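Reader: I'm new to this one. Could you take me through a single part of it, slowly and in plain words?

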Amino acid sequence: MPSLSLRLFVAGRAPNSTAAVANLEALLPADQSVEVELEVVDVLREPARALADGVVVSPTLVRVSPLPAVRIVGNLSDRDAVRRALGLPEASS
Amino acid sequence: MSSDREDLLARIQALERALVEAEETNRALVSGQVDAIVDRSGSRALLLHEAQAALQRSEERYRTIVTTAEEGVWTVDPAFITTFANQRLASMLGYEVEEMIGRPADEFIDAAGREAMRERFERHTRAGDRVRTDVPYRRKDGTLLWTSVGASPLVDPDGRFAGSLAMLTDITERRMAEEENRRSEERFKMIFQSSPAAIGIGDGGTIVDGNGRYCEFYGYDRAELIGRNVLELGLWVELADRDRMLAMVREAGSVRDFETSFRRKSGEVRDALLYVEILDGRAGGEPVLLIMVVDTTERKRAVLNLRESAERYRVLFDDNPMPMWAFDQETLAIVAANEAAARQYGYTTRELTSKSLLDIEPSLESEKTAESVRKPEQGRVSDGPRKHRRKDGTLLDVDVHANDVELKGRRLRLAVLHDVTKRQALEDQLRQSQKMEAVGRLAGGVAHDFNNLLTAILGYSDLLDVRFKTGDSGREEIGEIRRAAERAASLTRQLLAFSRKQVLVPEVLDIGEVVRGLSGLLGRLIGEDIRIDVVIAPDLGLVEADPGQMEQVVMNIAVNARDAMPEGGKLLFEVRNVELSAADAGGSEDVPPGSYVMIAITDSGIGMTPEIRKGIFEPFFTTKEPGKGTGLGLSMVHGIVHQSGGAIRVYSEPGHGTTFRIYLPRVAVPRKAALPTPGISPAPSRGGSESILLVEDEEPLRRLAKRILDLAGYTVLEARDPEDAKRIARTHDGPIHLLLTDVVMPGSSGPELAASLTKELPQMRVLFMSGYTDDAIVHHGILNPGSHFLSKPFAPHQLVKRVREVLARDVA
């Protein structure tokens, strides 16, 4: 079963950050077909971690694994594009 | 190689991804999908919307500040062109904002400082410095706008100079106020420094400031004075004055006309008036004082001098014991007169200063004399005596010592007026008495010779008379000769009496006879318009006095009486005995109680005031005009009467005549023995046989005397002069019993001869004879008192009698 390790950098409960969390949860496959590991990091509390991952703005979603690392900036409202970037299958509609 | 290519490819893909990421990040940022930005240092993250809000807020605040600021905000580009101006700035300068944008900022600066200001701003702001300075601008309407400008450089993101930002505050009012302040300060400084008054500022005794005059007043250099303490410098002469001044300042806030004195650097003390104001009153301690010092030393000295000179004037002029006045040489008006002058002329000084010299000096009324007074003379003038008139009309003899002075443009003559009336009178009297003396001498000399001649005439008449028998007609004629000679002798005697040159020999005499004997002469002397009565009591007592002197006493009083009756009148001579009791004598020392013969001489003349009466016996006192009296008459009367042991009283009232009463003490001597009256038939005198040395230079007289003495039986040795007498005395064998000698002779005097001969012949008696005996002879001791003396002329029997008396007298 393929696994996916994600890390979402947010700025507290700022609107785009909240939106990003919601968009991400929605786009992740609900069928358990892919094992997803998600860590949410608040840059307001841990700015150093953001910098360690080369993140300068929030919200930013980082695909930690599989490599190569992918960074997606913004509130993740374009879910298809996010799925594509993450390498997830297109949602069946 | 393929691995390299793969590696390169991987790196390109990574870069592409980074680029995509960056693009996406950018897109996210632009689309507003970014919430926060992580700080590059990783120390913090900023929420993007907060930052924006903050930025927005700050921008808004900034805008608000910029637009509503009290300050004007001005930005210019590097070329000094206005890029921004806020509303405030525009209003300050009177422009619209739009009008300003795009215009060079320096155009708004006042032309005078424009170049310098622009240069300064550019230099500093280009160098990155801030500039703060006051800049004068011209408003659109041309008025001046003073601003305080703070300018900072503007730098673009690349660090290049991008112009300046300036903040301007309107300080016109403050500036004006400052300007006004500065100007008034300058004015004050100028007034302070150039004031002719000495002004200083004192703070608790320390001299904070002082102008030129202030330093001058104290005599210090400015540097020596400023910052020093007045007490330390010892400026106050009286420290108590300073305390008093401070107390007054504290109480009233200021002090005016405070009198005190200060000590200068040289030690000199100067008087001053102080004017003090509080500049800065402080609670407790001494206030800061503005002190003005007015030097009053000169003024005070001047006042003092004036007072002194007035005092000096009063002392030297007003109180001067010498009468003085000053008169105008033009008008002859008396302009000043002192007290002594007022007294001298009987006026008050006020009256005198309203008089003219013409009122005082009658002779000036003649225009010519007045002109001579007006005539300008140099220096001192002494003149006099001049006749000046007193207020009561009496005339004074005044010596005038004058000096020309000028007072307030008037030519005055200051004159000292020496009253010489008395001196003048004395001089006149002296002249008179000298004249009388000369007349007396002349009369005395003539009388001497006359007496010798008369003695001869009388003597020979007597001798001749003896030869004729009674009833012989020749005797009658001899009698006539004799009477004429006697009258001549009487006149000679009167002449001597009048000139006070008679023989001074008191004898016992009948005053009645003296008065009676004088009445004939008095009648001639006094004149026909005065009736003379002589009342002589029959039982008159005798007195001891010199008949000649007594004659003079009576004559002098009679002559005064005559002068007191210029219009005629009565003159009464009264001679009688009086007994004076102690009461009558009135306690007077000069008239002790006792028996007297009184001679009263009463006239009906003008009388005397008590003042005159008091002075009549004083020598040189006279009421007669100069030349008319000697002032010696009554003083001689007084002297003679007192010398004779008597007294004189005078009773008189103005208008009621005068009575002189002379009291002479009575003597108890038989009346008969008193008067050796010459007679035609003298009782034959007893002769003698003694030897007599007769010395007489007058030959007729000598021969007469020899003849008389021969006839009386004496042996007479004749000598022409003292030398002859001495020779005879030496050669004569027998004794010489008597020396009969003249007093005044050529060569030597009778007394000298007597003194010389009596040494050799101590037993020899001496009898002097003289027709003229000067007072001086007696007074100089030539004739000793008690010498035997026979006065010429004498009758033969008198000679015989006198000779017998002297020879018969016991040797003392």
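Author: **Where the two chains pair up**

Strand β3 of chain A, residues 57-58, pairs with β1(B) in the antiparallel sense, over 2 bridges. Strands count as paired here if DSSP finds at least two bridges between them. Within this pairing, A:Ser58 stands opposite B:Ala36 in β1(B).

Before going on, a word on the model: it's predicted, so local features need pLDDT of at least 70 and side-chain atom pairs count only at pLDDT 80 or more, while totals for chains, interfaces and linings use all residues. Residues are numbered from 1 along each chain as its sequence is written, and chains are lettered from A and ligands numbered from 1 in the order in which they are written.

Now for the contact around that pairing. It takes 21 residues from chain A and 18 from chain B (two residues touch if their C-beta atoms, placed from the backbone, lie within 7 Å). On the chain B side, the elements giving two or more residues are α1 (2-31), β1 (36-38) and β2 (45-47). The largest share, 5 residues, comes from α1(B). By type, that side of chain B splits into 8 nonpolar, 5 polar and 5 charged residues. Nonpolar means Ala, Val, Leu, Ile, Met, Phe, Trp, Tyr, Cys and Pro; charged means Asp, Glu, Lys and Arg; the others, Gly among them, are polar.

How values were computed. Helix = DSSP H or I, 4+ residues; strand = E, 2+ residues; numbered from the N terminus.
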